[in-house]
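User: I'd like to go through some of the labels here and see what each one rests on. Can you start with the cut-offs as they come up?

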Amino acid sequence: MTLGKTPFSIDRRSVLAGMVAVPLAGAGAGLFSSAFAQHGSDGAVPAPEGSLDAIARRSGRRFGSAINWNAGTNGGSIQNPLYTGIINAECSLVVPENELKWQWTRPAPDVYDFTRMDAIAAWAQANGKGLRGHTLLWHRPRWFPEWLNNYDYGANPVQEAERMLVDHIRTVTDRYRGQITSYDVVNEAIDHDTNRTIETSMSRAMGSPEAVIDLAFHVAREQLPDGELVYNDYMSWEPAHVAHCNDVLRLLEGMKARGVPCDALGIQSHIEMFSIDPATGVGPYLEREWRRFCDEVVGMGYKLMITEFDVKDKALPGAIPERDAKIADFTRRYFDVMLDYTELTDILAWGMVDRFSWLQGFAPRDDGLEVRACPYSSEYTAKPMRDAIAASLASASTSA
């Protein structure tokens, strides 16, 4: 089905079944806006009393999780009733794990495919969940569609790159207008080999990575005058991330100096234990340096958001009771620090069930055992990590 510029009603069965090829012009504008007027600005309905979301709301925050789409029922997806049962019980907010990235939404320069993202948006609507947008631009060649890495920008590369980026942001934000009010506008824009912003085909066409980043945020602000615009990255409090934190500070300082309309820093929070600190029995972390980093960020006027929380447990022993206890301890230490900040807003896990965590493939354990990365086990039972998050949320400072 080819869509024109007129909004249309979603048939959830057909959305799940087939591809929606959208011409480059801003199709499907306002697709979800009218349906969400009754729920407020983003459609979020609080999760049940006693849930992580309900506890988070006591301090003015929300709790949510990544969710995805797949064709079967055995995944961390909207098709899995056991998984969505946990989401409905604990969360008022979801974010697509992959389905809004360029690789999924734009298979060719002149074609958009929102099949999977529309299905997630429809599920969120039906279940009263707020929906975040991840991401309008993942500014790394590794995560560009191959056609974009090899794109010929022609005789006027600046104008063509600007046209391509502006059209993408307008198309996405128009399509989910009224439903998605918070976007990771730019994701992971730093080259850690050079400690500078990363070059892509688009930045080479436009003259610099900063030109791309700035344009993305300015167009997003034009589209969403009252929206929450986020720069998202994976820095964390481990010693290995010190240089990364400094790079992010320089990026944020430059954006602030140039008047870039960014509201918040999304801290992915994939906290990791690849070695053990003998003094604590968990992974080494630099609380003082991490607080200094967060202080500088909020001192520039940015809010904070935990966008992708999970735990890498590679260095921990295999025995589940001991491992879960140490993961819960590490989690509690981290959340206690983060929740000291009144500037911290929403908190999202990057998945709720161990079996479906991206870390099973990305950061596997040397012993071959399953990574215990999430608040719930592969058997869909709550783990000590879940209790640690709840305890930290219960004692949190109120969000400003």
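Analyst: A charge sits over a ring if NZ of Lys or CZ of Arg is within 6 Å of the ring centre and within 35 degrees of the ring normal. Bear in mind this is a predicted model, where local features need pLDDT of at least 70, side-chain atom pairs count only at pLDDT 80 or more, and totals for chains, interfaces and linings use all residues. Residues are numbered from 1 along each chain as its sequence is written, and side-chain values use heavy atoms, with hydrogens and water left out.

User: What makes Lys256 count as lying over the face of Tyr302?

Analyst: Lys256 is at 4.5 Å from the ring centre of Tyr302, and the limit is 6 Å. Lys314 also lies over a ring face, that of Phe274, at 5.9 Å.

User: Why is the pair of Trp138 and Trp143 called stacked?

Analyst: Rings of Phe, Tyr and Trp (its six-membered ring) pair if their centres lie within 6.5 Å; planes under 30 degrees apart count as stacked, over 60 as edge-to-face and the rest as tilted. The Trp138 and Trp143 centres are 4.8 Å apart with planes at 20 degrees, so stacked it is.

User: Why is Trp138 called buried, and what is Trp143?

Analyst: Buried means under 20% relative accessible area, exposed over 50%, partly exposed in between (1.4 Å probe, protein chains only). Trp138 has 11%, so it's buried. Trp143, at 28%, is partly exposed.
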